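I set out here what I looked up in this entry, in the order in which I looked. The sequence and the model come first.

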Amino acid sequence: MKTSIPFFRRFQTKVTLVIITALLFTGALSNFLIYKYTLTFQFNDLRNKLMIIAQTASLMIDADTLVQIPLSREGMNTEQYKIVARQLKEIKKVNSPIRYIYILRKTDTKGVWQFVVDPEPGMDRTSRRWATAYPGDTYNAGRFPEMLKAFNGPSADKKLEVDEWGGTLSGYAPVRDKEGRVAAILGVDVTASTVYQIQKAVRARSLLVLL
(Lines give C-alpha, C1' and ligand atoms only; values in the text may rest on other atoms or scores of the structure.)
Protein backbone atom coordinates (compact mmCIF):
# COMPACT_ATOMS: atom_id res chain seq x y z
CA MET A 1 0.00 0.00 0.00
CA LYS A 2 2.80 2.40 0.87
CA THR A 3 4.44 1.92 -2.51
CA SER A 4 1.18 2.32 -4.43
CA ILE A 5 0.32 5.83 -3.09
CA PRO A 6 3.25 7.64 -4.81
CA PHE A 7 2.42 5.77 -8.02
CA PHE A 8 -1.23 6.75 -7.76
CA ARG A 9 -0.27 10.35 -7.12
CA ARG A 10 2.07 10.36 -10.12
CA PHE A 11 -0.70 8.86 -12.26
CA GLN A 12 -3.18 11.43 -10.95
CA THR A 13 -0.75 14.26 -11.75
CA LYS A 14 -0.22 13.02 -15.29
CA VAL A 15 -3.96 12.73 -15.88
CA THR A 16 -4.45 16.25 -14.55
CA LEU A 17 -1.73 17.59 -16.83
CA VAL A 18 -3.25 15.82 -19.82
CA ILE A 19 -6.67 17.30 -19.05
CA ILE A 20 -5.24 20.80 -18.58
CA THR A 21 -3.28 20.51 -21.84
CA ALA A 22 -6.38 19.31 -23.67
CA LEU A 23 -8.44 22.18 -22.28
CA LEU A 24 -5.79 24.73 -23.24
CA PHE A 25 -5.51 23.29 -26.73
CA THR A 26 -9.29 23.23 -27.18
CA GLY A 27 -9.59 26.80 -25.89
CA ALA A 28 -6.77 28.05 -28.11
CA LEU A 29 -8.20 26.29 -31.18
CA SER A 30 -11.71 27.63 -30.52
CA ASN A 31 -10.35 31.12 -30.01
CA PHE A 32 -8.35 30.89 -33.25
CA LEU A 33 -11.40 29.79 -35.23
CA ILE A 34 -13.48 32.58 -33.72
CA TYR A 35 -10.67 35.04 -34.51
CA LYS A 36 -10.53 33.95 -38.16
CA TYR A 37 -14.32 34.14 -38.46
CA THR A 38 -14.39 37.60 -36.89
CA LEU A 39 -11.65 38.85 -39.21
CA THR A 40 -13.59 37.64 -42.23
CA PHE A 41 -16.83 39.08 -40.90
CA GLN A 42 -15.28 42.49 -40.19
CA PHE A 43 -13.65 42.62 -43.63
CA ASN A 44 -16.87 41.71 -45.43
CA ASP A 45 -18.79 44.18 -43.29
CA LEU A 46 -16.37 46.92 -44.35
CA ARG A 47 -16.79 45.91 -48.00
CA ASN A 48 -20.57 46.12 -47.67
CA LYS A 49 -20.34 49.54 -46.04
CA LEU A 50 -18.15 50.80 -48.87
CA MET A 51 -20.66 49.54 -51.44
CA ILE A 52 -23.54 51.21 -49.60
CA ILE A 53 -21.66 54.51 -49.31
CA ALA A 54 -20.70 54.41 -52.99
CA GLN A 55 -24.24 53.54 -54.08
CA THR A 56 -25.82 56.22 -51.89
CA ALA A 57 -23.31 58.81 -53.09
CA SER A 58 -23.84 57.92 -56.74
CA LEU A 59 -27.55 58.68 -56.41
CA MET A 60 -26.69 62.24 -55.38
CA ILE A 61 -24.67 62.94 -58.53
CA ASP A 62 -26.41 64.32 -61.60
CA ALA A 63 -25.14 62.50 -64.69
CA ASP A 64 -26.12 65.38 -67.00
CA THR A 65 -23.86 67.69 -64.99
CA LEU A 66 -21.00 65.18 -65.21
CA VAL A 67 -21.03 64.87 -68.99
CA GLN A 68 -20.69 68.64 -69.32
CA ILE A 69 -17.31 68.66 -67.57
CA PRO A 70 -14.43 68.96 -70.09
CA LEU A 71 -11.89 66.17 -69.61
CA SER A 72 -8.92 68.50 -69.26
CA ARG A 73 -7.41 70.43 -66.39
CA GLU A 74 -9.40 73.46 -67.50
CA GLY A 75 -12.48 71.45 -66.61
CA MET A 76 -11.79 72.18 -62.94
CA ASN A 77 -12.73 75.81 -63.58
CA THR A 78 -16.24 74.98 -64.80
CA GLU A 79 -19.27 75.41 -62.60
CA GLN A 80 -20.29 71.80 -63.25
CA TYR A 81 -17.00 70.52 -61.84
CA LYS A 82 -17.27 72.73 -58.76
CA ILE A 83 -20.81 71.54 -58.06
CA VAL A 84 -19.87 67.86 -58.17
CA ALA A 85 -16.62 68.44 -56.25
CA ARG A 86 -18.56 70.12 -53.42
CA GLN A 87 -20.96 67.19 -53.29
CA LEU A 88 -18.12 64.70 -53.07
CA LYS A 89 -16.46 66.67 -50.28
CA GLU A 90 -19.69 66.68 -48.29
CA ILE A 91 -20.10 62.94 -48.77
CA LYS A 92 -16.54 62.35 -47.59
CA LYS A 93 -17.05 64.63 -44.59
CA VAL A 94 -19.99 62.62 -43.24
CA ASN A 95 -18.27 59.27 -43.85
CA SER A 96 -15.13 59.55 -41.75
CA PRO A 97 -13.44 56.26 -42.77
CA ILE A 98 -13.37 57.40 -46.42
CA ARG A 99 -9.99 58.72 -47.50
CA TYR A 100 -10.56 59.25 -51.22
CA ILE A 101 -13.68 59.77 -53.32
CA TYR A 102 -13.72 60.28 -57.08
CA ILE A 103 -15.58 59.76 -60.36
CA LEU A 104 -14.24 58.00 -63.45
CA ARG A 105 -15.48 57.46 -67.00
CA LYS A 106 -14.59 54.87 -69.61
CA THR A 107 -12.49 55.64 -72.66
CA ASP A 108 -12.48 53.92 -76.04
CA THR A 109 -9.48 51.88 -74.88
CA LYS A 110 -10.39 48.75 -72.96
CA GLY A 111 -9.50 48.99 -69.28
CA VAL A 112 -8.37 52.61 -69.54
CA TRP A 113 -10.59 55.11 -67.76
CA GLN A 114 -10.39 58.86 -67.18
CA PHE A 115 -10.91 60.91 -64.06
CA VAL A 116 -13.85 63.29 -64.23
CA VAL A 117 -13.94 64.71 -60.70
CA ASP A 118 -11.64 64.30 -57.72
CA PRO A 119 -12.10 66.94 -55.01
CA GLU A 120 -8.39 66.80 -54.15
CA PRO A 121 -6.61 65.95 -57.41
CA GLY A 122 -3.21 67.35 -56.51
CA MET A 123 -2.92 66.43 -52.83
CA ASP A 124 0.25 64.66 -51.73
CA ARG A 125 -1.23 61.17 -51.43
CA THR A 126 1.87 59.22 -52.35
CA SER A 127 5.62 59.41 -52.61
CA ARG A 128 5.16 59.13 -56.38
CA ARG A 129 4.50 62.83 -56.82
CA TRP A 130 3.50 62.50 -60.47
CA ALA A 131 0.30 60.60 -59.64
CA THR A 132 -2.64 62.95 -60.22
CA ALA A 133 -6.40 62.80 -60.64
CA TYR A 134 -7.31 65.85 -62.70
CA PRO A 135 -10.13 65.74 -65.26
CA GLY A 136 -8.94 63.75 -68.25
CA ASP A 137 -6.06 62.01 -66.44
CA THR A 138 -6.07 58.34 -67.40
CA TYR A 139 -6.29 55.43 -64.99
CA ASN A 140 -5.60 51.75 -65.61
CA ALA A 141 -8.84 50.25 -64.30
CA GLY A 142 -8.16 46.92 -65.99
CA ARG A 143 -6.06 45.88 -63.00
CA PHE A 144 -9.07 45.76 -60.70
CA PRO A 145 -11.88 43.32 -61.59
CA GLU A 146 -14.33 44.65 -58.99
CA MET A 147 -13.97 48.17 -60.36
CA LEU A 148 -14.81 46.91 -63.86
CA LYS A 149 -17.93 45.20 -62.49
CA ALA A 150 -19.23 48.52 -61.16
CA PHE A 151 -20.77 49.37 -64.54
CA ASN A 152 -23.30 46.63 -63.81
CA GLY A 153 -23.93 47.52 -60.16
CA PRO A 154 -22.30 48.27 -56.80
CA SER A 155 -19.15 46.28 -56.02
CA ALA A 156 -16.14 46.34 -53.70
CA ASP A 157 -12.61 44.99 -53.76
CA LYS A 158 -12.27 41.49 -52.32
CA LYS A 159 -8.78 42.27 -51.03
CA LEU A 160 -6.50 45.22 -50.49
CA GLU A 161 -5.41 46.61 -53.83
CA VAL A 162 -2.32 48.69 -54.60
CA ASP A 163 -2.09 51.44 -57.21
CA GLU A 164 -0.31 54.78 -57.64
CA TRP A 165 -1.93 56.05 -54.44
CA GLY A 166 -0.90 53.15 -52.24
CA GLY A 167 -2.84 50.30 -50.67
CA THR A 168 -6.61 50.74 -50.42
CA LEU A 169 -9.89 48.88 -50.14
CA SER A 170 -12.49 50.43 -52.43
CA GLY A 171 -16.21 50.42 -53.11
CA TYR A 172 -17.77 51.39 -56.43
CA ALA A 173 -21.18 52.22 -57.87
CA PRO A 174 -22.49 53.39 -61.24
CA VAL A 175 -23.72 56.94 -61.80
CA ARG A 176 -26.79 56.68 -64.03
CA ASP A 177 -28.60 59.27 -66.10
CA LYS A 178 -32.39 59.72 -66.17
CA GLU A 179 -32.73 56.91 -68.71
CA GLY A 180 -30.79 54.52 -66.49
CA ARG A 181 -27.65 54.51 -68.63
CA VAL A 182 -24.31 54.45 -66.82
CA ALA A 183 -22.46 57.72 -67.32
CA ALA A 184 -19.58 57.13 -64.90
CA ILE A 185 -18.36 55.21 -61.86
CA LEU A 186 -18.09 56.65 -58.36
CA GLY A 187 -15.39 55.19 -56.14
CA VAL A 188 -14.67 55.49 -52.41
CA ASP A 189 -11.46 54.28 -50.76
CA VAL A 190 -10.26 53.50 -47.27
CA THR A 191 -6.53 53.15 -46.77
CA ALA A 192 -4.75 49.93 -45.91
CA SER A 193 -3.89 51.37 -42.49
CA THR A 194 -7.62 51.61 -41.69
CA VAL A 195 -8.07 47.94 -42.52
CA TYR A 196 -5.01 47.02 -40.44
CA GLN A 197 -6.35 48.97 -37.45
CA ILE A 198 -9.59 46.98 -37.60
CA GLN A 199 -7.64 43.72 -37.76
CA LYS A 200 -5.42 44.84 -34.88
CA ALA A 201 -8.47 45.50 -32.71
CA VAL A 202 -9.84 42.03 -33.51
CA ARG A 203 -6.51 40.43 -32.55
CA ALA A 204 -6.43 42.34 -29.27
CA ARG A 205 -9.94 41.21 -28.34
CA SER A 206 -9.15 37.60 -29.27
CA LEU A 207 -6.03 37.61 -27.11
CA LEU A 208 -7.98 39.04 -24.20
CA VAL A 209 -10.61 36.32 -24.54
CA LEU A 210 -7.93 33.62 -24.67
CA LEU A 211 -6.23 34.97 -21.56
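**Overall fold**

I began with the contacts (heavy atoms within 4.5 Å): of those in the chain with a separation of 6 or more, 59% are between residues 24 or more positions apart. The model is predicted, with local features needing pLDDT of at least 70 and side-chain atom pairs counting only at pLDDT 80 or more, while totals for chains, interfaces and linings use all residues. Residues are numbered from 1 along each chain as its sequence is written, and side-chain values use heavy atoms, with hydrogens and water left out.

I then listed the secondary structure, in which helices (H or I, at least four residues) and strands (E, at least two) are DSSP runs numbered from the N terminus. The chain has five helices and seven strands, in the order α-α-α-β-β-β-α-β-β-β-β-α. Of its 211 residues, 41% are buried; buried means under 20% relative accessible area, exposed over 50%, and partly exposed in between, with a 1.4 Å probe and protein chains only.

**Aromatic pairs**

I searched the whole structure for ring pairs and noted six. Rings of Phe, Tyr and Trp (its six-membered ring) pair if their centres lie within 6.5 Å; planes under 30 degrees apart count as stacked, over 60 as edge-to-face and the rest as tilted. Phe115 and Tyr139 are edge-to-face, at 5.8 Å between centres and 70° between planes. This pair links Phe115 in strand 2 (residues 112-117) to Tyr139 in strand 3 (residues 138-140), 24 residues apart. Both Phe115 and Tyr139 are buried.

Tyr139 also pairs with Trp165: the centres are 6.1 Å apart and the planes at 40°, so I recorded the pair as tilted. Trp165 lies in the loop between strand 5 (161-163) and strand 6, so its pair with Tyr139 in strand 3 ties together parts 26 residues apart in sequence. I read a relative accessible area of 5% for Tyr139 and 10% for Trp165. Ring pairs join Tyr102, Phe115, Tyr139, Phe144 and Trp165 into a cluster.

I next checked for charges over rings, which requires NZ of Lys or CZ of Arg within 6 Å of the ring centre and within 35 degrees of the ring normal. Arg143 has its charged end over the ring of Tyr139, 5.1 Å from the centre. Lys106 lies over the face of Phe151, 4.2 Å from the ring centre.

**Salt bridges**

Lys49 is bridged to Asp45, with the closest N and O atoms 3.4 Å apart. Both lie in helix 1 (residues 4-59), four residues apart, about one turn of the helix. Glu79 is bridged to Arg86, with a closest N and O distance of 3.7 Å.

Glu161 and Lys159 form a further bridge at 3.3 Å, N to O. Glu161 is buried at 13% relative accessible area, whereas Lys159 is partly exposed at 48%. Salt bridges with shared partners also join Asp177, Glu179 and Arg181 into one network.

**Asp177**

Asp177 is buried, at 16% relative accessibility. Its side chain reaches the backbone nitrogen of Glu179 at 2.9 Å. Asp177 and Ala63 are 114 residues apart in sequence, yet 4.9 Å apart in space, C-alpha to C-alpha.

Methods:
A polar contact is a pair of N or O atoms within 3.5 Å; within protein, one must be able to donate a hydrogen and the other to accept it, and residues adjacent in sequence count only if both atoms are side-chain atoms. A salt bridge is a side-chain nitrogen of Lys or Arg within 4 Å of a carboxyl oxygen of Asp or Glu.
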